Amino acid sequence: MNAQGSFFNDRDAATEISLLNGELVYYPQFFDTAESDNCMRMLTDTIAWKQESMKMYGREVLFPRLMAWYGDAGSSYAFSGNVFTPQPWTPLLAQIRDRITPLCGQSFNSVLLNLYRNGNDSMGWHADNEPELGARPVIASVNFGATRRFLLRYKDDRSRKYELALQHGSLLIMKGTLQQYWEHQVPKTTKVSTGRINLTFRFINP
Ligand SMILES: O=C(O)CCC(=O)C(=O)O
Ligand SMILES: [Fe+2]
């Protein structure tokens, strides 16, 4: 805790990034180092991590990372042929949700967690444009652990690109028409040998 009795520092130190047909707001140090270290440890140990699989060309393929889904009852989420039924909010996940919500201009009823065990774990190109998220979803991405590259490319012109290094304790808000016009990925890297946890807070229309 700091002198103001808050676990969180530098919440206002944001960079607003206006892309063509999409908006990002990046808070590099939304959570201070002590709190981020604690979140990394607590989430690693207490989340019900699973390696899910998806059907690809008739074969079951494992996702190259561990995942978990938490949220309000009824906020089920379907993607890549999976239906994720949420587990109830843990106190820590609810605390993180409640701290980021005031900055996001909307509430969240669920969170998808991804654990990248090392640089060999990754997430491929996609947009978070499932119908239950609505046309212009606000998605809040919270990062703990190793810094990983977050790449964006414009769907209609893949030479138009943007890149961020998402660091320990950061918050990235994706909004506007970003998910309609852009895709994003977290590529593999040989430079990272430690774990990273990403949480994407979402509002699923029931
Ligand atoms: O790990 C990340 O930074 C990206 C996560 C993501 O794109 C997602 O969960 O949809
Ligand atoms: Fe995504």
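Ligand 1 sits in the largest pocket of this predicted model. A pocket here is an open set of points on a 1 Å grid over the protein atoms alone, with protein on both sides within 12 Å along at least five of seven lines, and a molecule sits in one if more than half of its atoms lie within 2 Å of its grid points. Residues are numbered from 1 along each chain, and ligands from 1 in the order in which they are written. Local features need pLDDT of at least 70, side-chain atom pairs count only at pLDDT 80 or more, and side-chain values use heavy atoms, with hydrogens and water left out.

Around ligand 1 there are 14 residues, with Tyr116, Asp128, His184, Arg196 and Arg202 the closest (near means a heavy atom within 4 Å). Strand 15 (196-202) is one of the strands supplying at least two residues of this shell, and its four residues make up the largest share; strands are DSSP E runs of at least two residues.

The distance is 2.7 Å for Arg196, 2.9 Å for Arg202 and 3.1 Å for Asp128. Taken alone, ligand 1 exposes 290 Å², and the protein buries 98% of that (Shrake-Rupley areas, 1.4 Å probe).

Asp128 turns up again at the iron ion (ligand 2), where it is a donor along with His126 and His184, lying 2.1 Å from the ion. Donors are N, O and S atoms within 2.8 Å of the metal, or 3.2 Å for Na, K and Ca. Asp128, in the loop between strand 9 and strand 10, and His184, in strand 14, are 56 residues apart.

Technical notes:
A polar contact is a pair of N or O atoms within 3.5 Å; within protein, one must be able to donate a hydrogen and the other to accept it, and residues adjacent in sequence count only if both atoms are side-chain atoms. On a 1 Å grid over the protein atoms alone, a cavity is a set of points where a 1.4 Å probe fits but cannot get out, and a pocket is an open set with protein on both sides within 12 Å along at least five of seven lines; lining residues have an atom within 4 Å of a point.
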